[in-house]
Structures are given as structure tokens and as C-alpha cells.
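Here is a briefing on one protein model. Please read it alongside the sequence and the coordinates.

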Amino acid sequence: MALAATFACFAVYWVGYRFYGGYLADRVWSLRPHAVTPAHAKRDDIDYLPTNRFVLFGHHYASITGLSPMLGPAIAVIWGWLPAMLWVVAGALVVGCVHDFSALVLSIRARGLSVGALTEGLIGVRAKSMFHLIIFFAVGLAMGVFVSVISTLFTPAFYPQAVVPSFFLMAAALVVGFLVFRRRASAPKTAAVAFLATLAVVVLAGGGDLLTFEWHSRDGWGGVLLVYSFLASVLPVWVLLQPRDFINSLLLYLGMALMYLGFFVLRPEFVSPAVVVAPEGAPPIFPFVFVVIACGAVSGFHGLVSSGTTAKQIDRETDARMIGYGGMIGESLLGLMAVLACTAGFSSPGSWGEHYSSWGSANTLGGKISVFIEGGARFVGSLGLPPGPATALIAVIVVSFALTTLDSATRLLRYNIAEIASGLG
């Protein structure tokens with residue numbers, strides 16, 4: 001049943017992108033291949049920079065994804081695997097993908113302005129001011145949550161083996177950015193070397209204590225992450241943001257591919273019921289399954305990314321379908337994997353029932369993250385990778401999603417503050 005349901009979801013994704021995404025691109029937005037995008041019209045090599053669509057897809061995908069597509073389904077499966085799976089797939093194709101795609105096109109055609117600035121022309125000046133304030137507090141709150149979550153994951157009680165690979169990836173990105181944009185080195189070759197070096201560090205960190213760094217202070221980690229976020233938000237995009245996101249996206253693609261390949265090799269069955277109408281202590285399934293699974297199906301934050309960093313780097317209008325609509329499908333695939341890892345990733349119905357015995361026992365940070373990581377590692381382990389490196393790989397992937405969203409959110413907050421300031425002048 002689990003294998004058949006997953007193949008059915010893949011088929012629905014393809015139909016949605018091929019036909020509905022094509023309809024939006026050709027009939028609704030009428031994308032123009034020769035239109036001058038903001039990346040060309042306002043090029044400054046800091047924020048505005050024409051970028052290869054595959055590189056930009058990696059940045060966009062990693063920026064929108066974050067932790068939520070894993071956290072939401074990891075608790076929503078308490079109502080069974082079927083409601084979570086249906087909303088992750090259908091919600092993305094008819095709501096989330098349309099939202100992301102539309103926000104990207106609107107911003108491209110408005111000189112790269114964010115959705116906050118676009119509000120002035122659509123509704124009015126007062127609405128723009130209110131929207132800017134909402135964005136400011138919402139992004140600031142999201143940044144605080146991501147800093148808190150990553151700081152927790154870095155502590156010895158969770159996954160300290162993810163620390164060194166995560167910071168190694170940042171250093172590798174700086175080297176790649178310098179070599180490619182200053183020394184005119186081959187981008188594919190330098191990115192490939194950095195990617196392979198990062199994989200080697202992940203394997204070594206997961207194989208023992210050699211590359212495991214332990215620091216118990218969550219506040220200390222929080223300070224380090226905030227400094228990193230500030231630097232990532234003010235440096236030119238080619239220095240850190242683009243190379244880090246591209247290398248990181250390769251790691252994410254590999255991790256996703258290994259988890260799905262391992263799932264197909266292992267061929268596990270669902271150990272949870274299809275539907276649980278009233279779990280102990282849980283709110284009603286309707287509408288809370290839609291509330292719990294936001295990212296993975298639809299997220300307003302994506303509109304900020306689409307109209308923030310992505311619209312300023314897109315090379316051609318016609319790239320918007322792949323990046324906007326396709327990027328959201330990529331996030332939905334992660335949400336689908338979370339559903340599988342938290343239902344078919346358990347060894348038995350008894351172990352699933354023990355973890356999801358009540359809302360209180362399942363709805364904890366450690367519970368949600370650990371279930372996804374352990375389930376994903378079980379799938380990857382079926383390919384022959386030892387448990388230590390397999391767990392380290394999935395843990396680094398989880399942290400990488402969160403870090404990429406954190407640095408993009410900080411840059412978006414900078415854009416938002418600049419737009420607020422320009423309205424006061």
C-alpha cells in the first residue's frame with residue numbers, strides 16, 4: 001500500500017506540473033522569453049544578478065523549504081497517513097505552487113519589488129504600511145524560531161555530529177564564490193569538489209567522535225547563528241548566498257534521492273492507520289490537519305522569497321514556472337517523505353502507537369525531528385550505509401534546510417526594512 005500510494009503521488013505531481021503549471025505559464029501569465037527581468041535591468045552584482053535557472057532553483061528550493069515540511073507532517077500523521085498525504089500533495093499543486101509561482105511573476109513584472117511594496121499599487125499606501133509591519137514581525141518571529149530550533153539540534157542531546165559539516169559547508173561556499181566570481185574558475189568543477197568534500201566530512205562526522213563538536217549552550221549557538229545570518233544578509237549574493245545554496249541544494253537532492261530510493265528498496269508498509277478520527281488530546285482533524293501542515297502544502301513565507309531574493313536573480317521570465325511552481329513541488333516531496341518516514345519508517349505498529357499515543361507525547365520538538373531523522377535514516381540504511389553516517393546525513397540535511405531559510409529570511413528582513421525606510425523619506 002505505501003509503495004502504491006507513493007507512486008500515485010508522483011504521477012499526480014507530474015500531471016500537475018505538466019498541465020496545470022503549463023496552463024498558468026501559457027494562458028494566465030503568458031510568460032515572455034525575451035522580456036527584460038529586474039536581474040538585467042537593475043543589475044548591481046549585490047542583490048540583482050542574472051543567474052542560471054538550475055543554480056537559482058537550488059537557492060529558491062532550499063530557501064523556501066526549511067524545517068516546517070518535516071515538522072508539520074511529523075505531528076499531522078497522528079490523524080493517520082491518508083489525510084496528511086492528501087493535503088501535502090493536493091494542497092501544494094492547487095494552492096502552494098500557484099501562490100509561489102504567481103508571487104514570483106508579479107514581482108518580476110514590478111521591477112523586483114517585494115509583495116509588501118506591491119501592495120501599494122494594488123490596494124493603497126496605508127495597506128502597504130500595514131503589510132510591511134506584518135512582514136517585519138512575521139519574518140522576525142520566524143527567524144527566532146529557526147535560531148531556537150537549530151541551536152537545540154546542535155546541542156549534545158540531539159545531533160552534535162551536524163555541527164562541523166554545517167559550518168564546513170559555509171566555508172566551502174565562500175571559497176567557491178571567490179574562485180568562480182573573482183578567479184573565473186569553472187563553477188561546475190569547483191562546486192563538485194566542494195560538494196564531495198562536504199559529503200566526506202558528513203561521513204567522518206557520523207562515523208565517530210573525530211569531527212563531532214559539542215557545546216551545551218543553546219544561547220551561545222543562538223548568538224553564533226545570528227552573527228552568521230547578519231553576514232549572509234549584507235554580503236553580495238555571489239559571496240555566500242548563491243554558492244552555499246547551490247552546494248546545499250546538491251546535498252538536499254542527494255538526501256531526498258537516497259531516502260526515496262531506500263524506501264523503494266525497503267518496500268515498507270504503513271504501520272499507522274489510514275485515518276484516526278479522534279487521537280487522545282488532539283484537536284479536531286478538521287481544520288487542524290490543514291493548520292498543522294502549512295509548509296509542504298502552502299506557505300505565505302514563500303511569497304516573500306519569490307518576490308525577495310528570487311525575483312532579483314531570475315534570468316528569463318520563462319524560468320519562473322520551473323523555479324516557482326516546480327520549487328514548491330520539491331518542498332511537497334519533502335513533506336511527502338516526512339509522511340512516509342513517520343508512518344512507514346517505524347519498525348512496527350506498536351512502536352508507532354507508543355510514539356503517537358497522545359497529542360502531548362508526539363507534539364514535541366525532539367519527538368518530531370527525531371522521528372523524521374530516524375525514519376529517513378532507516379530508509380537510507382537499506383542501501384547499505386551504516387547507521388552512524390546515515391543518521392548524520394539526514395541530520396545535516398535537516399539543519400541545512402533550516403540554515404538556508406534562516407539566512408534568506410534575514411536578507412528578506414533587510415529588504416523589508418529598506419522598503420519601510422524608503423516610504424518614510
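How many salt bridges does the structure hold? The structure holds seven, a salt bridge being a side-chain nitrogen of Lys or Arg within 4 Å of a carboxyl oxygen of Asp or Glu. This is a predicted model, in which local features need pLDDT of at least 70, side-chain atom pairs count only at pLDDT 80 or more, and totals for chains, interfaces and linings use all residues. Residues are numbered from 1 along each chain as its sequence is written, and side-chain values use heavy atoms, with hydrogens and water left out.

**Salt bridges**

- Asp47 pairs with Arg411, with the closest N and O atoms 2.9 Å apart.
- This pair links distant parts of the chain, 364 residues apart: Asp47 sits in the loop between α2 (38–41) and α3 (53–65), and Arg411 in helix α18 (residues 387–424). Helices (H or I, at least four residues) and strands (E, at least two) are DSSP runs, numbered from the N terminus.
- Asp47 is buried at 11% relative accessible area, and Arg411 is buried at 0%. Buried means under 20% relative accessible area, exposed over 50%, and partly exposed in between (1.4 Å probe, protein chains only).
- Asp47 also forms a salt bridge with Arg414, the closest N and O atoms being 3.0 Å apart. That pair, too, links distant parts of the chain, with Arg414 in helix α18 and Asp47 in the loop between α2 and α3, 367 residues apart.
- Arg414 is partly exposed, at 28% relative accessible area.
- Asp245 and Arg244 meet in a salt bridge at 3.8 Å, N to O. Asp245 is buried at 0%, and Arg244 is buried at 0% as well.
- A network of salt bridges links Arg32, Arg109 and Glu317.

**Packing of α8 and α11**

- Helix α8 (residues 163–181) packs on helix α11 (residues 241–266) at about 120°, with the axes 8 Å apart. Axes are lines fitted to C-alpha atoms, for helices over the stretch in contact, and angles run from 0 to 180 degrees between N-to-C directions.
- α8 and α11 are therefore oblique to each other. Angles under 35 degrees count as roughly parallel, over 145 as roughly antiparallel, 65 to 115 as roughly perpendicular and the rest as oblique.
- On the α8 side, the contact (heavy atoms within 4.5 Å) is made by residues including Leu169, Val176 and Phe181. On the α11 side, Pro243, Arg244 and Ile247 are among them.

**Backbone features**

- Phe286 and Pro287 are joined by a cis peptide bond, with omega about 10°. Pro287 is found in helix α12 (residues 285–292).
- Arg111 is not a glycine, yet has a positive phi of about 65°. Arg111 lies in the loop between α5 (81–108) and α6 and is exposed at 54%.
- Arg267 is another residue other than glycine with a positive phi, near 50°. Arg267 lies in the loop between α11 and α12 and is exposed at 55%.
- Most residues other than glycine have a negative phi, and most peptide bonds are trans.
- Gly124 follows α6 and has a positive phi, near 155°.

**Burial and exposure**

- In helix α6 (residues 115–122), Val115, Gly116, Ala117, Leu118 and Thr119 are buried.
- Val36 lies in the loop between α1 (2–28) and α2. Val36 is exposed, at 63% relative accessible area.
- The C-alpha atoms of Val36 and Leu196 are separated by 36 Å, and the two residues are 160 apart along the chain.
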